[in-house]
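Please have the sequence and the structure open as I talk.

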Amino acid sequence: MAEPRHITLRELQRAVKRTLEEGFELPVWVSAEIAEIKVNYSGHCYLELVEKGGANGVPTAQARAMIWSSNYPRLAARFEQETGQRLAAGLRILAKALVSYHELYGFSLQISDIDPTYTLGDMEQQRQQTILQLQQEGVWEMNRQLTAPLGMQRIAVVSSAHAAGCRDFCKELEKSPYRFRLTLFDAFVQGAEAENSIVDALGRIAARADEFDAVALIRGGGSASDLNCFNAYRLCAHLAQFPLPVVTGIGHDKDTSVADMVAFAALKTPTAVAGWLTERLASVEGGFDAMALRLHDATCERTRGAALRLERTAGELRRLSGERLTLERMRLERLAGRPAETALELLARQRLRLRNAAEIAAAHAPERLLKLGFALLHGGGQAITSAAQAKAGDEVEIRLADGTLTATINTTTIWQKKKSPTKKR
């Protein structure tokens, strides 16, 4: 039996290489995401490119690529100048590459050029997708619709502890005449870890939400790519639904991030955030001053009204008092003109009262009753007013109008009172 026809592995690899090189003689523009990137000691740049698909972002294609040291400095400098971002993992790029195949190392791409505008366009597309998704979910305006106190003094600061923007923010507030209580929640504010770091800081603040009036999300200036994390859906969704007002000062003058759009208030720089907080407190102080002025004016008005009423009352009192004094003076003058006549009238009235009292006393005197035939009966050292007080044989003294008699009682008779007839019911 004849052996089956075959080729060696090397022959297969060379056939694949020949086919690829013949099919892709000229470079092609390839879009992909940088998964890994490193530059070795010789200046060559090696990349791992991927293309992700599906909602979970699992790679559906992967390839190695390299930029020779003769091209890398020029491409990297141009890319950073136009995008403000160094070539880094996580960026989507459009690269002009020559397809290469090696029997030992397999498929790879040799990059000769990179289009920076593609990366910027991709970031803008992601930004618009984030805006649309937040609006469709109905959370776009949630943070802006929160009711915030005018005076925000307890501030949770999300920033890098070593960032210049954070130092500028704190220094600006130190110049303020008001007292702020700042609590720093340290986080990365640029780079691949920025989104997760900021979301983690927001979670720690939410657990202590009662301790703060607002959140200040701040960082210094940066390029569009540096600030791309502030367009990420996950971070912006947290900001939009955060229970405290969020004030952003991300430090860019040209572009507005999605984080700025969903925040309660968006300022250009950390220093501007500090000024905004100070102005709100100044507005509160101004309101207090206005209230104090209105209170002062109202008090003065009430005082003037009370003074007028008091003056009118005092004038009326003086008028009534003058009239009363005039009447009393006239009365005294009339009395002073006839003192003797008045005294005689008073004496006559008193004499009449005394005579009447004497007649009443004389009418009730015992002597008058005795002259009319009545007698007073005494016995045993006391007046006898009832037959029950004496008995036969007692000696009694009888007082008459012109003298007294002594007698002995022979008999006593007690009269019975007649009972009043009762009515039959």
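Predicted model: local features only at pLDDT ≥ 70, side-chain atom pairs only at ≥ 80, totals over all residues.

H2 passes H3 in a right-handed crossing, where right-handed means that the near helix is turned clockwise from the far one by less than a right angle, and left-handed that it is turned anticlockwise. Residues are numbered from 1 along each chain as its sequence is written, and side-chain values use heavy atoms, with hydrogens and water left out. The element names come from DSSP runs, numbered from the N terminus, with helices (H or I) of at least four residues and strands (E) of at least two.

Helix H2, residues 72-83, packs with H3 at an angle of about 40°, and their axes are 9 Å apart; the axes are lines fitted to C-alpha atoms, for helices over the stretch in contact, and the angles run from 0 to 180 degrees between N-to-C directions. That makes H2 oblique to H3, since angles under 35 degrees count as roughly parallel, over 145 as roughly antiparallel, 65 to 115 as roughly perpendicular and the rest as oblique. On the H2 side the contact, meaning heavy atoms within 4.5 Å, is made by Arg78, Phe79, Glu82 and Thr83, and on the H3 side by Pro116, Thr119 and Leu120. By class, this contact of H2 with H3 has three nonpolar, two polar and two charged residues, where Ala, Val, Leu, Ile, Met, Phe, Trp, Tyr, Cys and Pro count as nonpolar, Asp, Glu, Lys and Arg as charged, and the others, Gly among them, as polar.

H3, residues 116-136, also packs with helix H6, residues 233-240, at an angle of about 40°, with the axes 10 Å apart. That makes H3 oblique to H6, and the crossing of H3 and H6 is right-handed. Here Thr130, Gln133 and Leu134 of H3 meet Tyr233, Cys236 and Ala237 of H6, and by class the contact of H3 with H6 has four nonpolar, two polar and no charged residues.

Which residues of H6 are buried? They are Leu235, Cys236, Ala237, Leu239 and Ala240, with buried meaning under 20% relative accessible area, exposed over 50% and partly exposed in between, for a 1.4 Å probe and protein chains only. These buried residues of H6 pack against H3, H5, E8, H7 and strand E9, residues 246-249.

Not counting residues up to four places away in sequence, Ile205 touches Ala156, Val158, Phe185, Phe212, Val215, Phe242 and Leu244.

Lastly, Thr278 lies in helix H8, residues 270-337, and counts as buried because its relative accessibility is 17%. Thr278 touches Leu173, Ser176, Tyr178 and Phe180, again not counting residues up to four places away in sequence.
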